Amino acid sequence: MRKFLLAVAAPVLALLFALAVTTVILVLSGHPPMDVYKSMWDYGTQPDSLVLTLNLSTTYYIAAVAVAIGFKMNLFNIGVDGQYRLAALFAAFVGGKVDLPAPLHVALILVVAMVVGAMWAGVAAVLKNRRGVSEVISTIMLNYVATGIIAYLLTEGRFGVLAEGSNNIGTPPIGPSGQVPGLSFLNNLPFLKDATSSVYGMFVVAIVVGVGYWWMLNRTRFGFDLRASGLSTTAATASGIDAKRMVLYVMLLSGAVAGLIGLPQLLGESHAYNLDFPAGLGFTGIAIALLGRNSPIGIVFGALLWAFLDVSRQILDLEGVSKEIVTIMQGIAVLSVVVAYEIVRRYGIRQQQREVGRQLAAEEPSLAGASA
């Protein structure tokens, strides 16, 4: 119970601090905080809003896991944003060009996305192993390179086609066999009963990613090597773990998961990669991974909370409140959670030291009697 309380204390403290600061800002700007929060809650708990929250959290969760895989080994894969966009482009192009039975068509799109994401992340791994280039710098730069490649390929005569009656250029649309239908049976749930849309079918893939992430970390030799390398590279190398090989494997795995980030939107709604395809999801994943402490369960709550705030903020414009107040809240939560984790960690260490001291004090009389 103590371990559980310490695990949840840091994010709770960070969120409470962010809520307090946001409340002060609302008061100073002349907006009643409780009225603003009530409006957000009422709008965010409507059936259609809840469906949108689940859809966004599906994408956010995959993005956070992709980042967390690297974080567990102290590798900062800041290039998740470029990896998923490049992967989504190639997956959309291949998906729009082939015609296969439904399971094979979807499987091909998934494989292409994961392979492209892994290959793009692997560039940073090779640079780190061969030339000692920091993955932070290389992955950030590769984001810009990916943007340039996408801009080059997403043109007419290459990957792009011009949609009829629109100036929006995109890849050829993916046929019905390559689309993933929504989970309409979830609309029978009481809180989703009146929703006009369905939860993405890729919600199931997000669950598989989460379970696989937990299994890999806690039930495999690779997961042990990953966590050991993250705690101490020197000790891991001394125990026989190949640090360079682990860097390559972890970056490839992180990139492969990153390749899945854009697929809920691609296969569940847009069915093509176009100019208005969502960007910036990789950076959102970094924030959620920090908020969830890279834990498979913690990231679930972080993704749901982040998605709920993003959805409920849409009502604020109608209330005369700038919806950027939610961005302030999210930013403060991410900044303060790092400090909160350190405070809780130090508190936990002091508690352990006191417990050891009490046990030693209790054993002293018996040791003295035995020596006598």
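I started with Val65 and looked up its partners beyond four places in sequence: Val65 touches Val209, Tyr213, Val257 and Ile299. I count a contact when heavy atoms lie within 4.5 Å. The model is a predicted one, where local features need pLDDT of at least 70 and side-chain atom pairs count only at pLDDT 80 or more, while totals for chains, interfaces and linings use all residues. Residues are numbered from 1 along each chain as its sequence is written, and side-chain values use heavy atoms, with hydrogens and water left out.

**Cores**

I next looked up the largest nonpolar core, which has 82 residues. The term covers buried Ala, Val, Leu, Ile, Met, Phe, Trp, Tyr and Cys residues joined through side-chain atoms within 4.5 Å. Buried is under 20% relative accessible area, exposed is over 50% and partly exposed lies in between, with a 1.4 Å probe and protein chains only. Val65, Leu226, Ile261, Leu263, Leu266, Leu267 and Tyr273 touch the most other members of this core. Helix H3 (residues 47–71) gives the largest share of it, eleven residues. I also noted a second, separate core of 14 residues, with Tyr37, Ile325, Val326 and Met329 among them.

**Whole chain**

I took the totals for the protein chain. The secondary structure comes to 14 helices and two strands; these are DSSP runs numbered from the N terminus, helices being H or I of at least four residues and strands E of at least two. The C-alpha trace spans about 95 × 55 × 40 Å along its principal axes. Of the 372 residues, 46% count as buried. Among contacts between residues at least 6 apart in sequence, 74% join residues at least 24 apart.

**H3 and H7**

I describe two packed helices by the angle between their axes and the distance between the axes. Axes are lines fitted to C-alpha atoms, for helices over the stretch in contact, and angles run from 0 to 180 degrees between N-to-C directions. H3 and H7 pack at about 30°, with axes 9 Å apart. That makes H3 roughly parallel to H7. Angles under 35 degrees count as roughly parallel, over 145 as roughly antiparallel, 65 to 115 as roughly perpendicular and the rest as oblique. Their crossing is left-handed; this means the near helix is turned anticlockwise from the far one by less than a right angle, and clockwise would be right-handed. On the H3 side I listed Leu54, Thr58, Tyr61, Ile62, Val65, Ala68 and Ile69, which meet Phe203, Ala206, Val209, Gly210 and Tyr213 of H7. By class, this contact has ten nonpolar, two polar and no charged residues. For the classes, Ala, Val, Leu, Ile, Met, Phe, Trp, Tyr, Cys and Pro are nonpolar, Asp, Glu, Lys and Arg are charged, and the others, Gly among them, are polar.

**H7 and H8**

The axes of H7 and H8 are 5 Å apart, at an angle of about 75°. The two helices are therefore roughly perpendicular to each other. Met216, Leu217 and Asn218 of H7 make the contact with Phe222, Gly223, Phe224, Leu226 and Arg227 of H8. I classed these as five nonpolar, two polar and one charged.

I then checked burial in H8 (residues 221–231): Gly223, Asp225, Leu226, Ala228, Ser229 and Gly230 are buried. Their cover includes H3, H7 (203–219), H9 (233–238) and H10.

**H4 and H10**

Helix H4 (residues 80–97) and helix H10 (residues 243–258) have axes that come within 8 Å and cross at roughly 55°. That makes H4 oblique to H10. The crossing is right-handed. Val80, Gln83 and Tyr84 of H4 contact Ser254, Gly255 and Ala258 of H10. I counted three nonpolar, three polar and no charged residues there.

**H12**

Helix H12 (residues 281–291) is largely enclosed by the rest of the structure, because nine of its eleven residues are buried. I listed the buried ones as Leu281, Gly282, Thr284, Gly285, Ile286, Ala287, Ile288, Ala289 and Leu291. Arg293 follows H12 and has a positive phi, near 55°.

Thr22 lies in helix H1 (residues 2–28) and is buried, with a relative accessible area of 1%. Beyond four places in sequence, Thr22 contacts Tyr37, Ile325 and Met329. Ser39 sits in helix H2 (residues 33–44) and is buried at 17% relative accessible area. With neighbours within four places left aside, Ser39 contacts Ile315 and Glu319.
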